[in-house]
Amino acid sequence: MSGRRVPLAGLALGAALTAIVAPLAFALAGSLSPEAQLFEGGLAAPGSWHLGHYRMLFADGTLLRAIGHSLIVAASTTLLCVGLGAPCAYALARLRFPGRGALLAFVLAVAMFPQISIVPPLYLGLRELGLIDTYPGLVLPYVTFAMPLTIWLLLGFFRQLPPEIEQAARVDGASRLRVLLEIVAPLSAPALATTALLTFIYCWNEFLFALSFTLERQTVPLAIALLRGQYRVPWGQVLAAALVSTAPVAALVLLFQRRIVQGLVSGGVKG
Amino acid sequence: MADAEHQRARLRDPAEHGESRLALLLCGPALLLISAVALFPLLYTFWESLHLHDLRMPWRGRPLIGLGNYTEALADARFWGALGHTAFFAAVSVSLELVLGLALALLLQRSFAGRGFARAVALLPWAMPAVVVAILWRFLFEPGGAADALLLQTGLLARAPAWLSDAQLSWVPIVLADVWKTTPFVALLLLAGLQAIDPALYEAARIDGAGPLERLLHVTLPGLQPALVVALLFRSVDALRVFDLIYVLTAGGPGTATEPLAMYSFVALLRNLRFGYGSALAVIVFVPTLLLALVYIRLAGSSLRQEQR
């Protein structure tokens with residue numbers, strides 16, 4: 001690239017990264033300021049750090065319970081979807097069978113449809129079964145977006161796997177199923193892990209189903225949204241809760257960013 | 001007849017027959033589950049939308065009223081408002097995200113020290129819950145918050161406007177929050193598209209004397225078209241079903257000035273307990289998404305078929 005334009009590009013990139021980080025920095029500063037000084041200081045950093053909001057947050061326990069509920073729901077959904085979705089993705093990537101195209105289209109269509117469009121029957125059905133405000137009552141709805149996501153991400157991966165290894169094993173007389181279990185499964189461990197991580201993040205962040213189908217067993221996004229309340233928002237505590245609940249996801253993303261980007265890009269991608 | 005054909009196919013290609021059975025075995029459980037929790041409910045929502053079903057008035061039963069809920073929506077000003085808000089939000093935020101995302105992708109494409117770190121930072125807003133993003137931007141636009149301070153201290157504004165109590169200005173934090181959350185992600189998608197463009201094309205254009213702008217218009221944009229179309233479709237689908245961000249940031253307010261369709265449907269269903277009417281609204285949210293999904297499936301399908309050859 002021509003050397004003359006690099007400073008300009010560097011400046012633009014710096015501005016973009018600042019725009020990405022600044023809101024987080026303001027939130028962090030807000031969570032560490034006493035409530036009374038929150039909207040006084042302008043853009044200056046607070047004079048002294050104040051840990052009161054974090055202390056109150058952990059003393060109260062609502063957020064910790066919500067983190068527990070979210071962990072259970074997101075982990076169960078992820079296990080269920082990767083367990084059932086991986087064989088399906090492999091079949092879609094490797095086997096020739098009638099209706100394969102229609103199946104792919106179906107999986108994609110389900111991945112794209114708005115969650116609200118299935119809230120009415122799910123609510124009525126879960127109420128009928130006594131599953132409102134239970135773990136299965138959230139895991140089952142979560143499958144609707146998590147399963148297509150898992151299948152689609154893994155499909156992208158399996159299509160990139162060189163078929164020669166499997167063909168060689170087939171020539172040596174191994175059955176399809178044996179090839180799948182003894183050759184494909186170990187090779188796909190990293191892809192399965194990335195897919196599980198992304199599915200987990202989508203479940204962790206979900207809001208509409210949690211809002212519709214839970215009362216007491218709030219997930220993290222629901223607990224944060226309700227903490228905000230309607231009047232007199234306790235901003236310091238709300239910001240502390242928002243940051244605490246995002247931190248684990250942020251850490252995972254920073255650690256595995258290369259894999260995540262690859263997974264999303266090869267899988268056709270969902271925003 | 002069909003059986004005889006099946007027999008013949010089986011004789012012709014026993015391997016294919018075996019693959020079909022294995023495929024059924026591998027796909028069956030996942031597909032049964034998706035059908036039970038997604039496909040069946042979707043059809044049921046449509047069926048429900050043809051009924052008068054008010055959970056607050058169980059004595060009225062659940063009579064079939066045909067398209068009654070849909071004609072009610074056509075005469076409902078709040079429905080038209082919500083439809084307009086959804087279209088406005090999708091048009092404005094998706095255009096901004098594509099333009100800014102392309103710019104950011106072009107910046108990230110250059111090699112520089114710390115590029116991996118920059119990409120990781122760009123992923124952060126995307127990985128955060130929309131609820132948390134909504135809270136951050138609500139905080140920034142509170143009276144006396146960072147947005148006001150920034151505009152007043154730089155002298156851009158003499159007096160801070162009341163962002164969140166004004167029907168039009170409320171869109172500013174909403175759109176900014178969505179752009180902040182998803183632009184970096186769009187950029188990473190487009191970056192993958194950029195890296196797929198053959199560098200020889202740039203070299204050829206340079207030799208032909210094309211300047212940076214001409215290279216952008218005649219090499220980058222055409223080469224990037226598939227990635228741009230995918231980004232546009234996915235972002236549009238997402239924007240048309242927007243719920244979390246607005247629910248937490250403005251709660252659809254002031255009044256119903258920023259209420260999107262998915263949120264009005266939610267209110268009709270779970271606040272007013274009007275399941276028939278709320279289902280009709282949910283079906284209406286579904287229709288444009290289905291159309292976009294069909295476009296995407298056609299595109300993805302043709303690229304899959306090409307790859308198979």
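I note here that the model is a predicted one. B:Pro41 has its place in helix H2 of chain B, and, leaving aside its neighbours within four places in sequence, I found it in contact with A:Ile118, A:Pro121 and A:Leu122.

I then turned to the contact between the two chains, which takes 84 residues from chain B and 78 residues from chain A. On the side of chain B that touches chain A, helix H2 (residues 14-48) of chain B gives the most, with 19 residues. I sorted the residues of that side of chain B into 63 nonpolar, 11 polar and 10 charged.

Next I looked up helix H12 (residues 261-271) of chain B, which is mostly covered, with 8 of its 11 residues buried; among the buried ones are B:Tyr264, B:Phe266 and B:Leu269. Just after H12(B), I noted that B:Leu273 takes a positive phi of about 60 degrees.

From H2(A), the residues A:His53, A:Tyr54, A:Met56 and A:Leu57 meet A:Gly236, A:Gln237, A:Ala240, A:Ala241 and A:Val244 of H12(A). I sorted the residues of this contact into 6 nonpolar and 3 polar, with no charged residue.

Terms used:
Residues are numbered from 1 along each chain as its sequence is written. Chains are lettered from A and ligands numbered from 1 in the order in which they are written. This is a predicted model: local features need pLDDT of at least 70, side-chain atom pairs count only at pLDDT 80 or more; totals for chains, interfaces and linings use all residues. Two residues are in contact if their C-beta atoms, placed from the backbone, lie within 7 Å. Helices (H or I, at least four residues) and strands (E, at least two) are DSSP runs, numbered from the N terminus. Ala, Val, Leu, Ile, Met, Phe, Trp, Tyr, Cys and Pro count as nonpolar, Asp, Glu, Lys and Arg as charged, and the others, Gly among them, as polar. A residue is buried if 20 or more other C-beta atoms lie within 10 Å of its own, exposed if 12 or fewer, and partly exposed in between; C-beta atoms are placed from the backbone.
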